[in-house]
2 protein chains.
Amino acid sequence: MPEDCKVETALEILVGKWKPIILYQLFSQGTMRFSELQKALPDITKKMLTSQLRELEYHDIVHREIYLQIPPKVEYSITEYGMRMAPLLQAMNEWGMSHIEHLNELYGAEMQAKR
Amino acid sequence: MPEDCKVETALEILVGKWKPIILYQLFSQGTMRFSELQKALPDITKKMLTSQLRELEYHDIVHREIYLQIPPKVEYSITEYGMRMAPLLQAMNEWGMSHIEHLNELYGAEMQAKR
DNA sequence: ATCTAAGGTATCTTTTTGTATACTAGGTTT
DNA sequence: AAACCTAGTATACAAAAAGATACCTTAGAT
């Protein structure tokens, strides 16, 4: 029965134009400040960065640590629970890489993946 | 390096409001006609069903078989290549189910997953 | 007095997604 | 002759997501 299909739940937390790269950064760098994330993702606006981080925080994937200082300091990191997502992300990453190859075989190497 | 992160490629083919359920149907039912898919997904419009199927077809996940009859008959099925996605979909499904549980523990069982 | 730093909000506009409704084709049924 | 069937397409519209830009806070340095 379709109600048992929870693929969408996984998608829900991953979808959003920037979430995968944000997670990639946090997984590989460990703890990062807001401004460090901004530097790593030059094209993201503060608004987007904030909203994506808040969604990830809601889902207990990302932890937000606020230091009461001036100027402000806020650090983001993957939660312990979030770490459990690593194998899934890796599986998706691997599938993604092989799919790009597959598309190249089908349509030629000059083409980019598109929908 | 972020360019090596291909999670988004996997997302690309799964994103679209109806793709996961369409795939679920085709994986579990095998071959289905356009109208059967419509019956299984009562709230989808023809336009959406068509566009989602075409995207999946482009990615070589779904095969479209046209019978030159009147009234028309078109059958959809998962390609052999598409079958290779099954483990990933299952992994996502399982993660999704456990994540719903986790959210329930955090926020209480009455709440739905949200972003 | 003014400027800077850091981590945001508030507003507004644009782009992307999704929905609603009507229409098509040619043969079959009423 | 009119209506129905299937698998769509065309057009118009609404809603959601993303982007651009301006503004806020507060302590210390200039």
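User: What is the area buried between chain B and chain A, and what share do carbon and sulfur atoms give?

Analyst: This is a predicted model: local features need pLDDT of at least 70, side-chain atom pairs count only at pLDDT 80 or more, and totals for chains, interfaces and linings use all residues. Residues are numbered from 1 along each chain as its sequence is written, and side-chain values use heavy atoms, without hydrogens and water. The buried area is about 4,600 Å². Carbon and sulfur atoms give 68% of it. Buried area is the accessible area (1.4 Å probe) that two parts lose on being put together, summed over both.

User: Which helix of chain B gives the most to the side that touches chain A?

Analyst: Helix 6 of chain B, with 15 residues. Helices here are DSSP runs (H or I, at least four residues), numbered from the N terminus.

User: How many residues are in contact?

Analyst: Contact means heavy atoms within 4.5 Å. By that rule, 50 residues of chain B are in contact with 50 residues of chain A.

User: How many salt bridges are there between chain B and chain A?

Analyst: The count is zero. A salt bridge needs a side-chain nitrogen of Lys or Arg within 4 Å of a carboxyl oxygen of Asp or Glu.

Terms used. Chains are lettered from A and ligands numbered from 1 in the order in which they are written. Helices (H or I, at least four residues) and strands (E, at least two) are DSSP runs, numbered from the N terminus.
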